[in-house]
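The sequence and structure are shown first.

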Amino acid sequence: MLVLALDTATPTLVAGLADRSEHGAPEVLAERAVPSGNRHAELLTPAITSVLDDAGLTMGDLDAVVTGLGPGPFTGLRVGIVTAAALGDARGLPVIGVCSLDAIGSGVRTVVTDARRKEVYWAAYDADGVRTGGPGVLRPEELRRSGRIVGDPAFAARLGAEVVPAEVTTAGLLRAAEPQLADPSSAGPLLPLYLRRPDATPPAAIKAVSQA
Amino acid sequence: MAERAAGEALVLGFETSCDETGVGLVRGRTLLADALATSMAEHERFGGVVPEIASRAHLEAMVPTVHRALADAGATIDDVDAVAVTSGPGLTGALLVGVAAAKAYALALGKPLYGVNHLAAHVAVDELQHGPLAEPSIALLVSGGHSSLLLVPDLAQEVQSLGRTVDDAAGEAFDKVARVLGLPFPGGPPIDRAARDGDRSAIGFPRGLTGPRDAPYDFSFSGLKTAVARWIEARERAGEPVPVADVAASFQEAVADVLTAKAVRACRDHGVDHLVLGGGVAANSRLRALAEERCAQAGIVLRVPSPKLCTDNGAMVAALGSRLVTAGVAPSAPDLGADSSLPIDVVSR
Ligand SMILES: [Zn+2]
């Protein structure tokens, strides 16, 4: 089963191709991790073309699409999700969404990524990789967790702990999606993990127009 | 199945520059589908479009709106020959949902992608109703997001900006005046309705940038909006009732007067005898009537798309895409993105 995996929840966009078998770990055939900052929309489809070329495959060979649902900065996050949704729709493929933090690191760990506004997105996992806390968003100082922390090392000082650098990977996305890949009919809707309400303030005063 | 005229491409168009998720299908100059989802109601209590709310709604609506367009056209996604998308100007986060979706559909289908200018698409949509555009034409585009006068020598390749608003868009002025009059958002339709029973010469509201030394084709609506608010405040302070119909009619007259006078002048100055209206404010009944009257006097042929095609929609993007395909314009590069302030002289990129 040939799977295209995408994620745009962090400043590094990920596009990968993996061959999933019923038994054993999926084999990653090609992967691009592009430090794209806020240029996910520009660079994602070229990255998909590149991994297909690298593997000598075409869109027609795909059997499923996996995409990270965040949490992550909203504008970039939506690029990956809508790309996955559109590819799946155009080719009639199942599209499986997973929590992007599930695809960072492995084993017992707490994952932190940049949520901007001086906050982090976080989630915690046990030895089997099962999520035991989060996903959430908070100030690093509020995240009081013992044990190994992986993700964005820029937050080490504010966490008061070492952060082992780790990013979203194709293998991680496949691992997180495994239950739904085994049974695509169990895949839920592609709902982004925003974790924050939209910034929107109603106009303060109805008569503000003459000062506006 | 959609009827297939020999040689004409079926173009799928995406529009997400503001709060409307539009997906249109056009073959040649034939409109096959114009599916629309809107998040307007979610913005109402904020008195204006909230970008993040609009972007979230675009993502949710995208695939279902594509399905509706295909069903309306009796087509399948594999019938599509080319994909077009609004690449700017507009709200960045909103634009990017459409751009990413369009890029993915084009990639999945192995078809060319055209990133197009939203304003040029407002002009192109008229070809679906009134046939080939006379070139050159002058275009007056007025909505909540833009107020522009364009010279269009060749819609596929060359569009020039003659003038634009220096402050608020005309549609914004309608929204703000509606708010002070206690009318709902968006302000265009309720002001138009209220104005029907009013006297448009009751109050002489100011006409911005119409002095002899002002830029002949630029617009300003901020002063007008403030004048209306001050006039109402003065009435209320004096304990007198506000004549809503007269205020609405007089305000609407001031907007329509300036817009049409400048559009007709642009036609005259450039020796152009065709004027195209577009944008949501082009649905305003007084603007249409005054434009008809003044164009008739000046010997100008006026073309106004139906109200549904004047507001933002996917058909207009598909219409411009179709025009680009026919003209043999090169498709966009694979690293196409969004440009919130895409200049009008870039018709496609
Ligand atoms: Zn528009």
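## Interface between chains A and B

One salt bridge is found by the rule across the interface of chain A and chain B. It joins B:Glu52 to A:Arg78, with 2.9 Å between the closest N and O atoms; a salt bridge is a side-chain nitrogen of Lys or Arg within 4 Å of a carboxyl oxygen of Asp or Glu. On the side of chain A that touches chain B, the elements giving two or more residues are α1 (40-55) and α2 (74-91) of chain A, helices being DSSP runs of H or I with at least four residues, numbered from the N terminus. The most is given by α2(A), with 13 residues. The residues on this side of chain A comprise 22 nonpolar, six polar and nine charged, where Ala, Val, Leu, Ile, Met, Phe, Trp, Tyr, Cys and Pro count as nonpolar, Asp, Glu, Lys and Arg as charged, and the others, Gly among them, as polar.

In total, 37 residues of chain A are in contact with 38 residues of chain B, contact meaning heavy atoms within 4.5 Å. The area buried between the two chains is about 3200 Å², and carbon and sulfur atoms give 68% of it; this is the accessible area (1.4 Å probe) that two parts lose on being put together, summed over both.

## Basis of the model

This is a predicted model, in which local features need pLDDT of at least 70 and side-chain atom pairs count only at pLDDT 80 or more, while totals for chains, interfaces and linings use all residues. Residues are numbered from 1 along each chain as its sequence is written, chains are lettered from A and ligands numbered from 1 in the order in which they are written, and side-chain values use heavy atoms, with hydrogens and water left out.

## Cysteines

Over all chains, a search of the whole structure finds zero disulfides, a disulfide being a pair of cysteine sulfur atoms within 2.5 Å. The sulfur of B:Cys18 is too far for a bond, because the closest cysteine sulfur, in B:Cys310, is 16 Å away. B:Cys267 is in no disulfide either, the nearest cysteine sulfur being that of B:Cys295 at 6.2 Å.

B:Cys267 is buried, with a relative accessible area of 1%, whereas B:Cys18 counts as partly exposed at 21%; buried means under 20% relative accessible area, exposed over 50%, and partly exposed in between (1.4 Å probe, protein chains only).

## Surroundings of B:Lys103

B:Lys103 lies in helix α3 (residues 92-109) of chain B and counts as buried at 3% relative accessibility. Leaving aside neighbours within four places in sequence, B:Lys103 is in contact with residues including A:Ala41, A:Glu42, A:Pro46 and B:Asp335.
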